[in-house]
Amino acid sequence: GFSKILIRTVDTDVVVLAIACFHRLSVPVSELWVAFGAGKHLRYLPIHLLATLLGSDRSCALPFFHAFTGCDTVSCFTGRGKKTAWETWNSFPEITTAFVKLSSEPADVQPFMPLLQRFVILMYDRSSSKASVNDLRKHLFTKKGRAMEGLPPTEAALLQHTKRAVYQS
């Protein structure tokens with residue numbers, strides 16, 4: 001019968017799950033807060049406001065986004081953090097449907113790979129018109145002289161990365 005909830009954690013995964021689940025709570029909750037961090041870094045996050053600002057779709061898509069862009073058990077993209085990924089998501093909203101499906105219905109990832117490749121391509125080169133990460137790797141290495149460490153993963157590596165992210169989310 002409580003309408004206000006406080007969760008205490010130091011784990012980012014808990015914050016992500018709280019946002020993702022807020023719209024699906026079976027009991028109406030007016031306020032959901034997360035006390036996040038420790039010591040002088042303790043912050044109170046208004047999950048109810050964040051989930052409302054994001055909307056239902058983006059909130060539900062958050063677990064896959066979090067896992068795909070790097071979390072405790074899934075590697076991150078070299079040189080591309082959550083901020084870059086978030087900005088890419090904002091500029092490429094078509095990926096939201098794929099993120100929602102991969103967060104909620106872990107099935108065959110193959111149909112989503114073209115969209116996920118495009119998302120990764122845009123994370124590494126916002127102006128690229130390339131359709132595959134392999135083509136982008138070649139272009140960045142040969143034309144722009146980018147070091148191997150600064151290249152996106154291959155298609156095969158991205159497929160395995162996606163499967164790990166789906167399993168985690």
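1. A quick word on terms before the fold itself: helices here are DSSP runs of H or I with at least four residues, strands are runs of E with at least two, and both are numbered from the N terminus. Read that way, the chain goes β-α-β-β-α-α-α-α-α-α along the sequence, which comes to seven helices and three strands. Keep in mind that this is a predicted model.

2. On overall dimensions, the C-alpha trace spans about 60 × 35 × 25 Å along its principal axes. The protein chain has 169 residues, and 41% of them count as buried. If you take the contacts between residues at least 6 apart in sequence, 61% join residues at least 24 apart.

3. Now to α5, starting with its contact with α6. Helix α5 covers residues 113–124 and helix α6 covers residues 133–142; their axes sit 9 Å apart, at an angle of about 20 degrees. Angles under 35 degrees count as roughly parallel, so α5 is roughly parallel to α6. The crossing of α5 past α6 is right-handed.

4. Who touches whom there? From α5 you have Gln-117, Val-120, Ile-121 and Tyr-124, and they meet Val-133, Leu-136 and Leu-140 of α6. Sorted by class, the residues of this contact are six nonpolar and one polar, with no charged ones.

5. The α5 contact with α7 has another geometry to look at. Helix α7 takes in residues 155–168, and its axis comes within 11 Å of the α5 axis, the two crossing at roughly 105 degrees. Since 65 to 115 degrees counts as roughly perpendicular, α5 is therefore roughly perpendicular to α7.

6. On the α5 side of that contact are Met-113, Leu-116, Gln-117 and Val-120, which meet Glu-155, Leu-158, Leu-159 and Thr-162 in α7. The class tally for α5 with α7 is five nonpolar, two polar and one charged. If you're clicking through the model, pick out Gln-117 and Val-120: they are listed among the α5 residues that meet α6, and also among those that meet α7.

7. Is Thr-69 buried or exposed? Its relative accessibility is 3%, and buried means under 20%, so Thr-69 counts as buried.

8. What surrounds Thr-69? Setting aside neighbours within four places in sequence, Thr-69 is in contact with Cys-76, Phe-77, Lys-82 and Ala-85. A polar atom of the Thr-69 side chain also lies 3.4 Å from the backbone oxygen of His-66.

Methods:
Residues numbered from 1 in each chain as written. Predicted model: local features only at pLDDT ≥ 70, side-chain atom pairs only at ≥ 80, totals over all residues. Heavy atoms only, no water. Buried < 20%, exposed > 50% of the residue type's maximum accessible area, 1.4 Å probe, protein only. Polar contact = N/O pair within 3.5 Å; in protein donor to acceptor, adjacent residues only side chain to side chain. Contact = heavy atoms within 4.5 Å. Axes fitted to C-alpha atoms, helices over the stretch in contact; angles between N-to-C directions. Parallel < 35°, antiparallel > 145°, perpendicular 65-115°, else oblique. Left-handed = near helix turned anticlockwise from the far one by under 90°. Nonpolar A, V, L, I, M, F, W, Y, C, P; charged D, E, K, R; others polar.
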